[in-house]
Every structure is written in C-alpha cells, then in structure tokens.
Amino acid sequence: MVENRSESYVQGPVLSRREALLAGAGTVALAALPSQSAAATGSPAKEVSPMTLTMTVNGDVHVMNVDSRQSILDVLRETLDLTGTKKGCNQGACGACTVLVDGERIVSCLTLACMHDGARIETIEGLEKDGVLHPLQEAFVAHEGLQCGFCTPGQIMSGLGCIAEGHAGSTDEIRFWMSGNICRCGAYPGIVAAVADAAGRG
C-alpha cells in the first residue's frame, strides 16, 4: 500500500504572482548596489566651500558667493531671482534655459557658473528697454510664436543667437539652427516666421 504523503507536507504562505515579482525585483536591486554603499550612506557629505563669482547680467554687475556645483541657470533663478529663464528638462535637451554668455547661446542648466567668472550674460529680462520690446519679442507677438509661453524665453534667446551667428538666411536654415529648442505646443511655424522677420529687420 502506498502511503499518501500529501497531507504530511507543511503548507507555507502562498505568494501571489505580484508579490513574487516585487520580492525578486528587490533582491536584484540589492545585489546591484556597490559593496561600499552601505558604509558610504552613513558618512557625512563632503562640504563644498563657496566661491566668489563676478558676472555682468543684463548690464548689472553682480558679485556673489556661490556653490561651485551650481549651474548658471540655478544662479540666475535662485541667487539673482531672474526666473524668466526656465528650468525645463535640466538635462540640456529642451533649450528652455537658453541664455547668451559673452554673446553665444548656451543651455544654462549644463553650464557651471564657476567656469564663467567675469562673463557677460544676457537673459530674457534684459531685452526690453524702457518699456519697448526687442524687435524679436515684437515679432514673436506678431507671428503668434507662442502658446503656453514656457519655452518662449529660451526660444527668443536662441533666436537672437541664431541671427547673430548668421544662421537666419532661410526658413530651412532657421529650422535647423533652432532645432535644439523644443516647443511642446507646436508653435514652430510662428517661431520660425518671427526669427525670419527679426533677421530681416536687422
């Protein structure tokens, strides 16, 4: 006679498929951590000494103590309270943070402020003079080159750079040289027309 052993086994807790997957993912994540990470998390972060930085922003000279890890974008927004320059992706991919540094357009989120001591910086706040818009700002309004407006400061600063670089000779050229600036609303026809218009006026 064959003994029925099925009843002699101790039944443990039954995991659902979801619980099993989560447990497995946790095990994999722990295994992927560097061996020093547990010790490293307990050690205090190394202090970074602030550095003195001088920048001329929109014609005004600023002497500041900044963290050497700060980007130009963060110095503009957090130290100087110039929030017209937008923080979009913070990875240099969208162009919302474009400003002019010594006449050249850059994505300020990827540019360390400490590398530009003594630089001359132009932001969207510096374009209007005595209540009169810059010709490119006027062109953006005339050609409806904006919808939500979030990317507009970066688009305008990039457009200024595009014109100054001599890359506004045709609509195709403008599209190519402005391609680093993303408009989620899709106002590209108006943006291109505005840059072409302002370049023509110049």
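**The β3–β4 hairpin**

I began with the hairpin that β3 and β4 form, which has two residues between its strands. D102 sits in the turn and has a positive phi of about 50°. I am reading a predicted model, where local features need pLDDT of at least 70, side-chain atom pairs count only at pLDDT 80 or more, and totals for chains, interfaces and linings use all residues. Residues are numbered from 1 along each chain as its sequence is written, and side-chain values use heavy atoms, with hydrogens and water left out.

Two strands pair if DSSP finds at least two bridges between them.

β3 covers residues 98–101, and β4 covers residues 104–107. I found the two paired in the antiparallel sense over four bridges. I looked up T98 and found V107 as its bridge partner in β4.

Next I checked β5, residues 120–122. β3 and β5 pair in the antiparallel sense over two bridges. Here V101 has I121 as its bridge partner.

Are the faces of β3 covered or open? Both are covered: T98 and L100 on one side are buried, and so are V99 and V101 on the other. Buried means under 20% relative accessible area, exposed over 50%, and partly exposed in between (1.4 Å probe, protein chains only).

**Helix α3**

I moved to α3, residues 72–79. I72, L73, D74, V75 and L76 are buried there. What covers them? The cover includes β1 (51–57), β2 (60–66), β3, β4 and β5. Just after α3, I saw D81 take a positive phi of about 60°.

**Salt bridges**

I counted five salt bridges in the structure. The test is a side-chain nitrogen of Lys or Arg within 4 Å of a carboxyl oxygen of Asp or Glu.

D74 is buried at 16% relative accessible area. K87 is partly exposed at 33%.

D67 and R69 form another salt bridge, with the closest N and O atoms 2.8 Å apart. D67 is partly exposed at 25%, while R69 is exposed at 57%.

R175 and D172 form one too, with the closest N and O atoms 2.7 Å apart. They are three residues apart in helix α6 (residues 171–177), about one helical turn. R175 is partly exposed at 46%, and D172 is exposed at 56%.

**An aromatic pair**

How many aromatic pairs does the structure hold? I found one. The ring centres of F176 and W177 are 5.3 Å apart and the planes stand at 80°, so the pair is edge-to-face. The cut-offs are centres within 6.5 Å for Phe, Tyr and Trp (its six-membered ring), with planes under 30 degrees apart stacked, over 60 edge-to-face and the rest tilted. F176 is exposed at 57%. W177 is partly exposed at 35%.

**The whole chain**

Last, I stepped back. The chain has seven helices and five strands. Of its 202 residues, 33% count as buried.

Technical notes: Contact = heavy atoms within 4.5 Å.
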